[in-house]
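Please keep the sequence and the model at hand while reading.

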Protein chains: 4
Amino acid sequence: KDRFFVIAGPCVLESEELAFSVARTMRDVCRDLGIPYIFKSSYDKANRTSIQSFRGPGLKAGLEVLGRIKADLDVPVLTDVHSVEEVGPVAAVVDVLQTPAFLARQTDLLVACARTGKPVNIKKAQFLAPWDMQQVVAKAESAGNTRILVTERGSCFGYNNLVVDMRSVALLSRGPYPVVFDATHSVQLPGGQGISSGGQRDFVEPLARAAVAAGADGVFMEVHEDPDQALCDGPNSLRLKDVPAVLEALLGIYHVTRRHAPVAR
Amino acid sequence: KDRFFVIAGPCVLESEELAFSVARTMRDVCRDLGIPYIFKSSYDKANRTSIQSFRGPGLKAGLEVLGRIKADLDVPVLTDVHSVEEVGPVAAVVDVLQTPAFLARQTDLLVACARTGKPVNIKKAQFLAPWDMQQVVAKAESAGNTRILVTERGSCFGYNNLVVDMRSVALLSRGPYPVVFDATHSVQLPGGQGISSGGQRDFVEPLARAAVAAGADGVFMEVHEDPDQALCDGPNSLRLKDVPAVLEALLGIYHVTRRHAPVAR
Amino acid sequence: KDRFFVIAGPCVLESEELAFSVARTMRDVCRDLGIPYIFKSSYDKANRTSIQSFRGPGLKAGLEVLGRIKADLDVPVLTDVHSVEEVGPVAAVVDVLQTPAFLARQTDLLVACARTGKPVNIKKAQFLAPWDMQQVVAKAESAGNTRILVTERGSCFGYNNLVVDMRSVALLSRGPYPVVFDATHSVQLPGGQGISSGGQRDFVEPLARAAVAAGADGVFMEVHEDPDQALCDGPNSLRLKDVPAVLEALLGIYHVTRRHAPVAR
Amino acid sequence: KDRFFVIAGPCVLESEELAFSVARTMRDVCRDLGIPYIFKSSYDKANRTSIQSFRGPGLKAGLEVLGRIKADLDVPVLTDVHSVEEVGPVAAVVDVLQTPAFLARQTDLLVACARTGKPVNIKKAQFLAPWDMQQVVAKAESAGNTRILVTERGSCFGYNNLVVDMRSVALLSRGPYPVVFDATHSVQLPGGQGISSGGQRDFVEPLARAAVAAGADGVFMEVHEDPDQALCDGPNSLRLKDVPAVLEALLGIYHVTRRHAPVAR
């Protein structure tokens, strides 16, 4: 919780080429800025809006790519798991496990992830209150694991829309675990395009700034070389070329917030 | 879609005795009113608020009880499944499979349930818009199964609260599948008691009436002999002794709505 | 609170001709069904989305039309007031005063209306909880007036959308005053067309049925001969020709609910 | 729009003494930090939750106090108006007029304020979408006045709760007018204490930081020497002694955001 960090990568492992390209650029940008970086990408999108949508390379092929990124580029990697069966193989490869927001209440999945002893990034569900996360986190802790991160990614707000309650970021950051702000899923318009989710890329940056100002310890971002061609989450993904400027401002805000602890209670 | 029906039972299989007692009474009450009845209870509560909460007898023991209720009392039974692995054993026993609301977007689970050929009751997630259900249903249909029911159980409304949008019931009822209103989960206050969900039993009845008036084809209700002692969902469960009066009014409203098709478009 | 009643008319007094035509038809339809009827129309729309929108004939000309409808057609009339200054002249003509939803918290307006001694229909604001209405009603009661009606017209639900929480109808109906369900404003999409509000006429009927089933004592409806040509609230207004069928079903549901008092607490 | 500014003062003019004390301290603190400061306080709280609540000294006495603060302390003053009749007398004294959030759609009030030629701070209603403010602002502009400020103060989020959508701050800040973030009303829990509104003072600071990071040009804060004794809005008011530290951090964030214009679109 003492250094600003970034989790980023393409939403899904579209191709090994794209994954390496994004990972390499992100690693170099973050190194220049002195920001610890973790590569993220999914091997399977298990809950796409439509059954027609691209899901990814699958567990085996996906883990191979993640393993090579880790080895060849020397960056830690993170991915999300969707069932208890996947936890073992995934934990054998990645540095951080992530539980999906929709599955935040599935007790067995949380416990299985925590039991691996690896750090677990628990995404807060869109349908949970900030304080509900205490019970969610307790499920992971029950397995004896306290290497936990908690991610805010927006709350249900009417239909096909999310709102980020910055009180949630502030509240979670008063807890013992690092708080991540998922800046790109937070601007999704779930199901907003009928057979896929829409997104509001132009709000990624102001929301990320706001979240860091409210107390987030790190940010999570989907990044793509050409988001309009992305096979998943394009409308909300950040352009790789915009990343350096985005991170510079976030780092500036982060430093202000760390110099000035909140006083008003 | 041409007869009012009821799905009901204790939230979880607390004991074989309770399950039989509720099933027998419900069966007799519904028979007297000429209402088709399906017994519902869970063998595992996979997403309780707290890890301390009672989860149920588990898959094997639970399916045995469900099998005996079906055989001994001659009532069809329904239960919910939480992972692809459970689908096969469950489908071997029950008459209707049910997918949980939180898992409404998990493609593999929906497809696996649909592939059994058994009727599938798909619960609409609290985080989905009514029209989002078209893509959810399409996932089940992709497996060649059109024996589908769709259940409304409320939408996220601020924190620790749900609201039932009766436009959703009306919209879903314009589709090809029977629409169920889950009258007791709809009055949950999710996480509202800190380590468990609260509930507003006194709103079960007005909401059920409203949903039937808005076009619901059937209702789903958690019923218990003594809800205050229930091991799960007590605050929102209906008292068994209140069921006959509740159903009589619902049946009256159902008949009015079927005599008078909506005209205003 | 012992008879189902209807408040209806064109949103705004577009022309004396339209007002008389709607009032006469509504009066005759309601008489045939044995339903007490109150004519409603506005002389001024003080809070239109856009400054370009039609506002109405104004206080003086509007009250003259309302006075003639009352005298010539022998129907009680209701209209809404928007400032303390208007209360006196309006109360001299109409049978029921109405306070707008957006102004539900303006203490002086509520008190001024109540002081006239006339019945006051208080619309619940879109931004208030059902229980907040107790303090709103207390403001009117403080003027010694208990001839109060309370109207439900939907709650904010994300942006440009309202949801009707039928628990609100049920809760308000447990109080001492008749509860009105405003079936046409409840399906507005506020600001949903950029320079005016959209509406979902096809949900008027299911929502009205649901509200009566949940305990509403009467309904409020904007009615127009040709809603697509209406100068205000056309998208959510009901077609005059559809009214008899709509009311027949509501009356049927009303009678079921009165025969069967809710039992489940 | 080129300098960070602060609007602050006690919610209501409880006493001349308190008003002077807060105004003097705020003026000095802001001068030291190089921040333009405007004093704000209300002469009448026209929409309190309960009719029992304190409303203020009234128009005449209140304007006298505001006039003396302006003259004696040499600070510009702002207050809110609640009816067309009040606009003239208020405009004769104050430097900035303010329209209340609940009245954001009352056309006549907006036009009357704008017609004075004085700057008008228009508060966005809790029931409006960010883009709805374009039509609200257009009403003021129609009177030929473009000295407009737009204030974000939260959106309805379930019952008795507000959420601040930082996308709104970002969107409004892309328009031509300065955007104010009302940091203390945004943490109100409207009606949350039954006969008065609750508040979450501990979220004032993180939300203000977030809003400035998202693009707000200035902040609005209710400030009191002893909030727990305040006659209005105590639970959300900031302690006067905490103001310097709060503003210092906001100024730091403001400077970061101005050095780094958002790039990601």
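B:Asn160 is buried, with a relative accessible area of 19%; buried means under 20% relative accessible area, exposed over 50%, and partly exposed in between, with a 1.4 Å probe and protein chains only. B:Asn160 belongs to the loop between strand 7 (155-156) and strand 8 (162-163) of chain B. Helices (H or I, at least four residues) and strands (E, at least two) are DSSP runs, numbered from the N terminus. Although B:Asn160 is not a glycine, its phi is positive, at about 55°. Most residues other than glycine have a negative phi.

D:Asp74 is likewise a residue other than glycine with a positive phi, near 60°. D:Asp74 sits in the loop between helix 2 (59-73) and strand 3 (77-80) of chain D, and it counts as exposed at 66% relative accessibility.

## Basis of the model

This is a predicted model, in which local features need pLDDT of at least 70 and side-chain atom pairs count only at pLDDT 80 or more, while totals for chains, interfaces and linings use all residues. Residues are numbered from 1 along each chain as its sequence is written, chains are lettered from A and ligands numbered from 1 in the order in which they are written, and side-chain values use heavy atoms, with hydrogens and water left out.

## Salt bridges

Side chains of opposite charge can pair when their charged atoms come close. A salt bridge is a side-chain nitrogen of Lys or Arg within 4 Å of a carboxyl oxygen of Asp or Glu, and the count over all chains comes to 60 salt bridges. One of them joins A:Asp44 to A:Arg55, with the closest N and O atoms 2.9 Å apart. Both A:Asp44 and A:Arg55 lie in the loop between strand 2 (37-40) and helix 2 (59-73) of chain A, eleven residues apart. A:Asp44 is buried, with a relative accessible area of 11%, whereas A:Arg55 is partly exposed at 22%.

In chain D, D:Asp242 and D:Lys241 meet in a salt bridge of 3.2 Å, N to O. D:Asp242 is buried at 7% relative accessible area, but D:Lys241 is exposed at 67%. Elsewhere, salt bridges that share partners join A:Arg27, A:Asp28 and A:Arg31 into one network.

## Nonpolar core and a buried valine

A nonpolar core is a set of buried Ala, Val, Leu, Ile, Met, Phe, Trp, Tyr and Cys residues joined through side-chain atoms within 4.5 Å. The largest has 335 residues, and those with the most contacts inside it include A:Met166 and D:Met166. Residues up to four places away in sequence aside, A:Met166 touches D:Met166, D:Leu207 and D:Ala210, among others; contact means heavy atoms within 4.5 Å.

D:Val12 is found in the loop between strand 1 (5-9) and helix 1 (16-33) of chain D, and it is buried, with a relative accessible area of 1%. D:Val12 and D:Ser42 are 30 residues apart in sequence, yet their C-alpha atoms are 4.5 Å apart in space. Beyond its neighbours within four places in sequence, the contacts of D:Val12 include D:Phe54, D:Arg55 and D:Cys232.
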